[in-house]
Amino acid sequence: MNASWTTSAPARPALPAPDTEAVRARDRRHVWHTWTPLAADRSALTLSHGSGHHVWDIDGRAYLDASALNSTCGYAHPHVLRALAEQASRLHHFDLSVAGHEPAGLLAERLAGHLPPGMDKTLFVNSGSEGFDAAVMMAVSYWAHLGRPRSRLVTFARSYHGATLLSRSLSTLPRSTHLLDPPVPVTRVELPLEPALLRREEALPVLLAAFERAIGDDPDDLPAAVVVEPFLNVGGAVVLPPGFLRELRALCDATGTLLVLDEVFTAYGRCGAMFAARREDVTPDVLVSSKGLSGGYVPIAAVTVGQHVHDTFGRDPVIGGLRYGHTTSGHAVACAAALATLDVLEKEDLPGRAERLGSGLLGELAPLTGAGGVVDVRGLGLILVVETASPELATRVLTRARERGLLLRQVGAAVMAVPPLVIDDEGAAALAAGLTEAVTDVAG
Ligand SMILES: Cc1ncc(COP(=O)(O)O)c(C=O)c1O
């Protein structure tokens, strides 16, 4: 283990020093930060640039970044940068409701090659939230097209599917609730066990029974779809029991209910495989992916469906096709960035690396459990979670880590480490040492 983890950052590339106070003052005056209390000052950490798994702030301090949910290739990856520049100078975009372009076709084909057979039609949008909205609209439309309308959805009460009205209507998380009624009926499944127990094999029958009750067997009230994340990210950094997706697929099949997987966070290597669906050999009817698809270089999300879902849209009564899209859907530069990101993922086997590094890190961090306010250590691929006794304790761990040059994320009482998938062995050792030190400093 590399104890001198703060010194492992490469030398800061030379950049002109900004007027740091002016930069911070401008941010405080004009930028409305997402999901942030008005009293908080996000400009305290103002970033300047990044390289690999490191970022630098405007004061020149280096940080190991284990906070970037969408980072696959890390910062300033030359292959992705080249692809962005080349596509921008050739054809930056053209509206896909009017014409086609090569990057969209290449990317949709590439995704089909990674997904189970039959999942080979992709709609591109700009964010995970939009992708999720489109997925739900497709599921409900599917039943209308078949002449057997269903609109009810089954999901986790602690799910997070996005910030749009529909996606946030599904969840009961206090931060994302709103004042309007959900546009469709929703049956929400509460977690039957604490997260520390839920990740175990023994939890599987208990969790499945809860979903079976939620689906029900009333032929007049069957759900259009069950919609789940393979790992509850915002809902508490919850790892689900192995086999859950496979068994949930079987439950859905028993009533013909569609299975919509929200892999916005888990896909493209983060979960230790290209898709969580592939870890369990599951074929969903609809799969939403985003974050790692372009590694965060540009906004893009993909909604990939089985041919059986797609083909019903020929029966749409208004245009005989999909009545949905955005002017920037399938943006050519975004598709090119995603293709380059996939090149890196495939060539460097980043999903395999995430699995190997993630399980090594989990082994190193596991002894923290029980020591001074640590309730559980869990993970999936390169998502590492240290659940503490309280949100206040988790905040203190994050603050301590940041003082020492390590950026982490907080989800309630849980501390989450999500480094870029290109992090190397030395970086992973530095992450383990930094996280251990921050936890023991604060909680030990
Ligand atoms: C599982 C999941 N679904 C959907 C979303 C929403 O994606 P976006 O923020 O790109 O709209 C997120 C974002 O964190 C997510 O984690």
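A salt bridge is a side-chain nitrogen of Lys or Arg within 4 Å of a carboxyl oxygen of Asp or Glu. By that criterion, 2 salt bridges are counted between domain 1 and domain 2. The model is predicted. Its chain divides into domain 1 (5–76 + 349–443) and domain 2 (78–347).

**Domain contact**

- The C-alpha centres of domain 1 and domain 2 are 27 Å apart.
- Domain 1 puts 32 residues into the contact, and domain 2 puts in 38 residues.
- About 2,700 Å² is buried between domain 1 and domain 2, with 62% of that area from carbon and sulfur atoms.
- Trp 35, Arg 378 and Leu 380 supply 24% of the area that domain 1 buries against domain 2, more than any other three residues.

- Glu 355 pairs with Arg 279 in a salt bridge, with the closest N and O atoms 3.0 Å apart.
- On the side of domain 1 that touches domain 2, helix H12 (350–365) and strands E13 (374–380), E14 (383–388) and E17 (414–417) each supply at least two residues.
- E13 gives the largest share of that side, 5 residues.

**Nonpolar cores**

- The largest nonpolar core holds 106 residues, of which Leu 107, Phe 211, Phe 244, Leu 408 and Met 416 touch the most other members.
- Helix H11 (residues 332–347) contributes the largest share of this core, 10 residues.
- Domain 1 and domain 2 each provide at least three residues of this core.
- Beyond its neighbours within four places in sequence, Leu 107 contacts Phe 124, Leu 293, Ile 300, Cys 335, Ala 338, Leu 339 and Leu 342.
- A second, separate core has 28 residues, including Phe 132, Tyr 142, Ala 224 and Val 303.

Note on methods. Residues are numbered from 1 along each chain as its sequence is written. This is a predicted model: local features need pLDDT of at least 70, side-chain atom pairs count only at pLDDT 80 or more; totals for chains, interfaces and linings use all residues. Side-chain values use heavy atoms; hydrogens and water are left out. A nonpolar core is a set of buried Ala, Val, Leu, Ile, Met, Phe, Trp, Tyr and Cys residues joined through side-chain atoms within 4.5 Å. Buried means under 20% relative accessible area, exposed over 50%, partly exposed in between (1.4 Å probe, protein chains only). Helices (H or I, at least four residues) and strands (E, at least two) are DSSP runs, numbered from the N terminus. Domain bounds come from an automatic or database domain assignment. Contact means heavy atoms within 4.5 Å. Buried area is the accessible area (1.4 Å probe) that two parts lose on being put together, summed over both.
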